[in-house]
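Here's a quick briefing to read with the model open beside you. Take a look at the fold first, then work through the points by topic.

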Amino acid sequence: MNIHDFINYKKENKKISMVTCYDHWSAQILNESPVDSILVGDSLAMVVYGKENTLDITTSQIAEHVKAVRKGAPKKFIVADLPFLSYRKNLSTTMDNVGLLMKAGAHAIKLEGADGNLKTISHIIESGVPVMGHLGLTPQMLNQMGGYKVQGKDNASSEKIYNDALSLQKAGCFSVVLECVPSSLAKNISEQLSIPTIGIGAGHQTDGQVLVMQDLLGVYLKNPKFVKKYNQLNEQLLSSFTQFNFEVKSQTFPSEKESYT
Ligand code: KIV
């Protein structure tokens, strides 16, 4: 998959699948899967580092995870998130941050929102780096939004997201993530844009879907409404740890089979 395939998939009415990934072992498994693309998202601040939100993560930290993922999944198209404020200071700092992610092995970067970002996006693209946009619930705007809420529910905010999507396309984005917006709005945007939309909590009429890996694997007991669990990893992992503990204590592990003579 490359950025042209994103557009081709849309033209051919083929849906695009994307999963977040932050480490080498799960990247190796994704590499063997038919999933189209990987997002090394800033959600890693919460998922990997247990932070309360996505604000407290640096570009260098994300770059280290990109390196691990690229090594594990050399066949996949990898998008990396530019973290909070890393593209808002000045162009020179922005490009240093873009450089860190691309040199770490990303094929494209993603950044959140349109306001004040359009010139930056065009410059990044003109510098040879594909950009994925992100609208709707933009977690880096958490404090501005007053919490994690569905966006675009009233006419004014729905129109804003719609117009922002058009602006991102005009600025040169190859794709746009639509997070937590009403399905009807996501449908309208997807029909209007020639670049694909990737939805998360945006209904089924986007051109693709992205989920956080740990959400789809059922690592957490509680999930947002839009998550579908394709596994119950929480139960499976807990029972594996419990069984290991039991076998160590009861001296049934290691057996002859796991021992050297
Ligand atoms: O960081 C992330 O995981 C994301 C997805 C939720 C789209 O941006």
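The expected span of a helix is 1.5 Å times one less than its number of residues. Helices (H or I, at least four residues) and strands (E, at least two) are DSSP runs, numbered from the N terminus. This is a predicted model, where local features need pLDDT of at least 70, side-chain atom pairs count only at pLDDT 80 or more, and totals for chains, interfaces and linings use all residues. Residues are numbered from 1 along each chain as its sequence is written, and side-chain values use heavy atoms, with hydrogens and water left out.

- Start with α4: its 14 residues should span 20 Å at 1.5 Å a residue, and its end C-alpha atoms are 20 Å apart, so the two values agree.
- Thr 59, Ile 62, Ala 63, His 65, Val 66, Val 69 and Gly 72 are the buried residues of α4; buried means under 20% relative accessible area, exposed over 50%, and partly exposed in between (1.4 Å probe, protein chains only).
- Those buried α4 residues pack against α2 (24-31), β2 (37-40), α3 (44-47), β3 and α5, where contact means heavy atoms within 4.5 Å.
- Helix α5 (residues 91-104) also has 14 residues, and it reaches 20 Å from first C-alpha to last, close to the 20 Å expected.
- On α5, the buried residues are Thr 94, Asn 97, Val 98, Gly 99, Leu 101 and Ala 104.
- They pack against α4 (59-72), β3 (77-81), β4 (108-110) and α6 (118-126).
- A bit of helix background: an α-helix has 3.6 residues a turn, so residues three or four places apart point the same way.
- Asn 90 caps the N-terminal end of α5, with a side-chain oxygen 3.2 Å from the backbone nitrogen of Ser 92.
- Just after α5 comes Gly 105, which takes a positive phi of about 125°.

**The ligand and its surroundings**

- Which residues are around the ligand? They are Thr 20, Leu 39, Gly 41, Asp 42, Ser 43, Asp 81, Lys 110, His 134, Glu 179, Ile 200 and Val 212, each with a heavy atom within 4 Å of it.
- That shell divides into three nonpolar, four polar and four charged residues; Ala, Val, Leu, Ile, Met, Phe, Trp, Tyr, Cys and Pro count as nonpolar, Asp, Glu, Lys and Arg as charged, and the others, Gly among them, as polar.
- A polar side-chain atom of Asp 42 lies 3.0 Å from a ligand oxygen atom.
- For Ser 43, a side-chain N or O atom is 2.5 Å from an oxygen atom of the ligand.
- Lys 110 has a side-chain N or O atom 2.8 Å from an oxygen atom of the ligand.
- Taken alone, the ligand exposes 260 Å², and the protein buries 95% of that (areas by the Shrake-Rupley method with a 1.4 Å probe; for residues, only the protein chains shown count as cover).

- Thr 20 sits in strand β1 (residues 16-20) and is buried, at a relative accessible area of 2%.
- Its side chain makes a polar contact of 3.2 Å with the side chain of Tyr 22; a polar contact is a pair of N or O atoms within 3.5 Å, and within protein, one must be able to donate a hydrogen and the other to accept it, while residues adjacent in sequence count only if both atoms are side-chain atoms.
- A polar atom of the Thr 20 side chain also lies 2.9 Å from the backbone nitrogen of Met 213.
- Leaving aside neighbours within four places in sequence, Thr 20 is in contact with residues including Leu 30, Leu 39, Ser 43 and Val 212.

- Asn 117, in the loop between β4 and α6, is buried at a relative accessible area of 1%.
- A polar side-chain atom of Asn 117 lies 3.0 Å from the backbone oxygen of Gly 113.
- Cys 180 lies in the loop between β6 (175-179) and α9 (183-192); it isn't a glycine, yet its phi is positive, near 45°.
- Is Cys 180 buried or exposed? Cys 180 is buried, with a relative accessible area of 9%.
- Gln 251, in the segment after α11, has a positive phi of about 60° although it is not a glycine, and this residue is exposed at 69% relative accessible area.
- Phe 253 and Pro 254 are joined by a cis peptide bond, with omega about -5°.
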